[in-house]
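Here is the note on the structure that you asked me to look over. Please keep the sequence and the model side by side while you go through the numbered points.

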Amino acid sequence: MSWMRWAPATERALYDPDGGFYRRPEGPAGHFRTSVHASPLFARAVARLLLEVDEALGRPEELAFVDVGAGRGELVAGVLAELPEPVGERLRVWAVELAARPDAPPAAPSTGLWTERSWARTVWTAEVPRGVTGLLFANEWLDNVPLDTGEVGEDGLLRYLEVDPATGEERLGGPVDAADADWAARWWPAERPGDFVEFGTPRDAAWAHAVAGLERGLAVAVDYGHTAGRRPPFPTRTGFRAGREVPPVPDGSCDVTAHVALDAVAAPGLHSLWTTQREALRALGVSGARPPLALASSDPVGYLRALGGAGEGAELTDPAGLGGFGWLSQAVRMPVPPGLGALPGWQTLTP
Ligand SMILES: C[S@@+](CC[C@H](N)C(=O)[O-])C[C@H]1O[C@@H](n2cnc3c(N)ncnc32)[C@H](O)[C@@H]1O
């Protein structure tokens, strides 16, 4: 047995250049469905948000769209397919991803700005760009930033859990360091023996680093998560492989993910909004409403298309599923864009 803390074990299992789960050619879509895969309506909403951000920024000379944790570029392709021609001259697109650029471009309708050329011009990089102006978007990225878990021992000390990467078996290790102890005290107090904590420290840092790449713009993190007062009663670490939930063994054979403490992630000192995907998508024009029945006789093809769209919209906004995801939006040196701005709850968090 080689015991390790969960963060380094997960880092190796997911991202090791030699055999890490996310380095494999099939990508995330080979194992589970995100909003991006569920429907093109998601990319349409993100494209609409990008255009609103563009307006709110006063149409900058160069408009950035940065997709962090870009998978195989599916969202980038979908957003490009929804954008009107004039934006193309000013648009710069970054797919930030640890895995290599896919050999072939992802499938997307040949509409809007989506062409082989716009795909070729997309910068594929492992580093979040610095000094850009526009929209930074991260769908289901933070839940894959490896974290440690701790538990209060019988001695009353908060200790790290260690894992055997070959089996997933756990044991209690040494006391947590000062940074994680402080994080727990602030965001996820654990006092009684058996209380556990999923330390958000590396996710907060990863998000702060990403947001700091924006000279001006909006940063949006979308993920399943929780906020203070609603921390989970059970550990949330989960494994996925080939469409199935499996035990989260960090051996490179499956995804290893855990819910995100989205309130802790919010980079301090910015104008911020926390809302659900249901509310955010509705504000961006996605609803699960069925088309009027009268359309069935006046335009049967249009009716069927609208019905399909309503089904997809319903899946994306289902409060018990994707619609229950959290959207953390943070404005950096820009006014709040009108679409999301219509939602209540924007606030400036004190540093
Ligand atoms: C759950 S997948 C989500 C993919 C896509 N955003 C979607 O919604 O379909 C998470 C992706 O984030 C990538 N990732 C994780 N940490 C990263 C990092 N530090 N920098 C860039 N990409 C990262 C993984 O390789 C993986 O492709």
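Predicted model: local features only at pLDDT ≥ 70, side-chain atom pairs only at ≥ 80, totals over all residues.

1. In strand S17 the side chains can be sorted by direction: Gly326, Leu328, Gln330 and Val332 point one way, Trp327, Ser329 and Ala331 point the other way, and all of them are buried.

2. Which strands pair with S17, and in what sense? Strand S10, residues 214-223, pairs with S17 in the antiparallel sense over 7 bridges, and within S17 it is Gly326 that stands opposite Asp223. Strand S16, residues 271-276, also runs antiparallel to S17 and is joined to it by 6 bridges, with Ser329 of S17 as the bridge partner of Leu273.

3. Trp327, which lies in strand S17, deserves a paragraph to itself. Its relative accessible area is 0%, and because buried means under 20%, this residue counts as buried. The side chain of Trp327 is joined to the side chain of Gln277 by a polar contact of 3.0 Å. Arg278 is 49 residues away from Trp327 along the chain, yet the C-alpha atoms of these two residues are separated by 9.3 Å.

4. Since 6 of the 6 residues of S2 are buried, the strand is largely enclosed by the rest of the structure.

5. Two residues call for a check of their backbone angles. Arg59 has a positive phi of about 50° although it is not a glycine, and its place is in the loop between helix H3 (40-56) and S2. Glu140, which is likewise not a glycine, has a positive phi near 50° and is found in the loop between strand S5 (132-139) and strand S6 (149-152). Are these two residues buried or exposed? Arg59 has a relative accessibility of 52%, and because exposed means over 50%, Arg59 counts as exposed. Glu140 has a relative accessible area of 11%, and because this is under 20%, Glu140 counts as buried.

6. An N or O atom in the side chain of Glu97 is 2.5 Å from an oxygen atom of the ligand. For the side chain of Asn139 the corresponding distance from an N or O atom to a ligand oxygen atom is 2.8 Å, and for the side chain of His37 it is 3.3 Å.

7. Rolling a probe the size of a water molecule over the atoms shows where empty space is left. The largest pocket holds about 650 Å³ of space, and it is lined by 30 residues, of which Tyr15, Val68, Gly69, Glu97 and Trp141 lie nearest its centre. The elements that give two or more residues to this lining are helix H1 (6-15), helix H2 (35-38), strand S2 (63-68), helix H4 (74-80) and helix H7 (201-211). By class, the lining of the largest pocket is made up of 16 nonpolar, 7 polar and 7 charged residues.

8. Finally, how many cavities of 30 Å³ or more are there? The count comes to 1 cavity, and the space in the largest cavity is about 50 Å³. Its lining includes Thr10, Asp143, Asn144, Arg203, Arg237 and Val256. The residues of that lining divide into 5 nonpolar, 3 polar and 3 charged.

Methods:
Residues numbered from 1 in each chain as written. Heavy atoms only, no water. 1 Å grid on protein atoms, 1.4 Å probe; cavity = no way out; pocket = protein on both sides within 12 Å on 5 of 7 lines; lining within 4 Å. Points joined across faces, edges and corners; volume = space filled by probe spheres on them. Nonpolar A, V, L, I, M, F, W, Y, C, P; charged D, E, K, R; others polar. Buried < 20%, exposed > 50% of the residue type's maximum accessible area, 1.4 Å probe, protein only. Helix = DSSP H or I, 4+ residues; strand = E, 2+ residues; numbered from the N terminus. Pairing = 2+ DSSP bridges. Polar contact = N/O pair within 3.5 Å; in protein donor to acceptor, adjacent residues only side chain to side chain.
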